[in-house]
Amino acid sequence: MKQFFAKRSIACLFTLIILGGITSCTDLPENDVTPPTPEPGEEFFTWESSHDLKIEVKVPATSDDFNNFYRRVQIFTDNSFEASALIASGAALPTQTFKTAVTVPTYVNSLYFTVKDAAGKIKTFKADVSSTMTNLTLDVATAEEYEVLSKSAVATPTPPDITIPSMDEMIVITESFPETITKGANYYIPKGTTITVSDPNVFGGVSKYNDRATASIYVEGTLNVANGATNGIFNKHIIVMDGGKFVTEKLYYVKYHYADEYAIPALYVMENGKVEAADFTLQNKMILVNKGVIECQTFTTNAHSQTHISGRLTASVKVNLWWPTSTSSVYLYPGSLLEGSATSWYGNAQITMYKDAIIYNAGSISYGDTCRFITPEGEATSLIRFDGVAGIPSAKASFIGPIEVFIPGIGGKPKAIEFFENTMSNGAKLVSSWETREYLIKNNGINKGYGEFTPVDLDGDGVIGGDDIDDTNPGVSFDNYYPSAEGFATVMFEDVWPYIGDYDMNDIVCDIRTEMKTNANNEVVSMTFKWRLRAAGTKSQIGMGVQLDDIYPADIKSVQYSRPVNGNTPFSLTNGLESGQEKAVFALFNTVEDVFGNIYVNTGHSGYITPKTESVEIVFNAPVSRGRLTEKKLNIFLTVNSREKEIHLPTYKMTNKGVKQNSEYLSADNIYLSNTGMMWGIMVPQSIVYPKEGINMEAVYGNYKTWYESNGTTNQDWYKRNINSGNAFIEPVEEDVIE
């Protein structure tokens, strides 16, 4: 069955004669054809661009300390997992499933879920949906996880590796180190053997360093270098093997005589290997790879050096990454730790951190303008924790990517907070208190547990502070939205009901969004209805209101308007609601002039007036289910020239103050459809452009006709593509930003 969009010119002319002065109807293009009306028993198209869906999410029990904390569930309409696609959030326990109802655009064929536990670990899932589906259940225990594709894929990072020669290529040292080093030789200290070197000429010294032969020393036992013997290490590669140990007072890597030797790590510490030093300096393009543990008093890098840490490096006094004319590179691989226990300087360095990597400093820190902390896009969160910072550093660094910067000493210092927040981009986030930390990194035996935290739940509702939108109020936990956390829906009306208009759909154009706060039981405690009147192509006296079709006046505790509803006609309000109504009805405005100070606004007849976003906040006496406040229960309507004349969208009924109009043009089954299936109002789940005065919607949206003629089965995203902007009214200014 095909449905008709616009009446022929003769129908519009007839309407003009009847109404004698209604000016929102103009002639339509001559090629408009009235499609056939439905056969007996057939139903008209409802003109809906979205559908309601009940959702249930089940989560399994865990054996850790976090089992009794709620898991945060979020639902998105696309796999960006961004606020522009967020429609619902809530809580789930093994003993309490997350149940909600959402409104989904009909073109959406998949929903995306994130399930975050109290330890900060997030799993993602995908579920197929359709416009005919009414219920969806996601069981996390059995569902296949959805692999999030990053915008720029990041390969699993690993530090540089080396090839260990065979034993027949080694010179085994069991008693003392030879005084003369053979160029290119491989020396090996076996497990259980301790070798002490006190002669500075073996590793370096202050003279004749160009004569020091390049060699590699493999330590599976213990290499103990006495004070002074490592005043400068020249041309030696030291490899501390699994279980090996290297102990020295001063570890100062100076240079290699042969340029190609710079490509080989100067110091390579394997897993379970350990280095102990007082002062450790890496410079002159030297490479350090640490998969084990390095413990020193000071750690200094400069002059294009490279530091790769997949284990732990601890400097008990100071971390010093600096050099005024050249940048050092530091890489912290998944699960690693760079620890400074006192004052540190992060200067001319680029520090790349991967998933679960931690930088920790117990004392105060300073850093230079050229210092950059980066976690690549697509990686999971890393952590920087500066326990000693409470003020503003002397220079500004950069924090880029999904990095949680935790500075507990910065709380209550707004200037310092502003300073740090201005250094952050691409997902980096400043956290100033334990209760707002969101991402747990478990103790892996290397990171000392600096990334762990005890979940803080200040209001006792079972939702940890980082997930709770108001951790001081046990009755408020999450936000839910229609159409999304950042988007608006557009509702458009023709105002000549019950007669046929010109269908430029700009007599009233209004953007709307609902924001609902829910508790830990996923019930709605309050709703904010945000609206933005964009155009009024009419001379009629138009009022606009909203009936909550499943909410009664007794359900509502208070109604707060951002702007007063001027006058008392057509809407007369008592405590924010229209009196004498069975269902809860609130007003947006009584006349267009109240909003714009003018009529015929933003359709091309006169200058442009910038729309303002207004809001109506409704607080409920007792929490109500999300299903009572979906888009299908949101009955937005106009009053035209009198209170009794109401215009609603096709799927809604008038309030008990509306009066049915008698007209040959109306469908016998639905008074807000014509006898040929035409509507007087439509809503789409996106803010869209609208036609100029007198221009048919089909002349703006190329896929519109095929959509309604298919009863909404094809081109369900007609408002997103194939748009003729030349026939649309283009707003000349950016839409205002909601605070």
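Reader: Before we get to the sheet, when do two strands pair?
Author: Two strands pair if DSSP finds at least two bridges between them. Keep in mind that this is a predicted model. So the number of bridges to look for is at least two.

Reader: What is the bridge partner of arginine 372 in β30?
Author: Strand β28 covers residues 372–374, and it pairs with β30, residues 398–400, in the parallel sense. Three bridges join them. The partner of arginine 372 is serine 398.

Reader: How many residues are in the largest nonpolar core?
Author: Nonpolar side chains tend to be buried together in soluble globular proteins. Here, a second, separate core has 64 residues, including Ile238 and Phe299. In the largest one, Trp47, Phe529 and Trp718 are among those with the most contacts inside it, and the total is 82 residues.

Reader: Is isoleucine 671 buried or exposed?
Author: You'll find isoleucine 671 in the loop between β45 and β46. It touches Trp497, Met654, Lys660, Leu666 and Trp680, leaving aside residues up to four places away in sequence. Buried means under 20% relative accessible area. Isoleucine 671 has 16% relative accessibility, so it counts as buried.

How values were computed: Residues are numbered from 1 along each chain as its sequence is written. This is a predicted model: local features need pLDDT of at least 70, side-chain atom pairs count only at pLDDT 80 or more; totals for chains, interfaces and linings use all residues. Side-chain values use heavy atoms; hydrogens and water are left out. Helices (H or I, at least four residues) and strands (E, at least two) are DSSP runs, numbered from the N terminus. A nonpolar core is a set of buried Ala, Val, Leu, Ile, Met, Phe, Trp, Tyr and Cys residues joined through side-chain atoms within 4.5 Å. Buried means under 20% relative accessible area, exposed over 50%, partly exposed in between (1.4 Å probe, protein chains only). Contact means heavy atoms within 4.5 Å.
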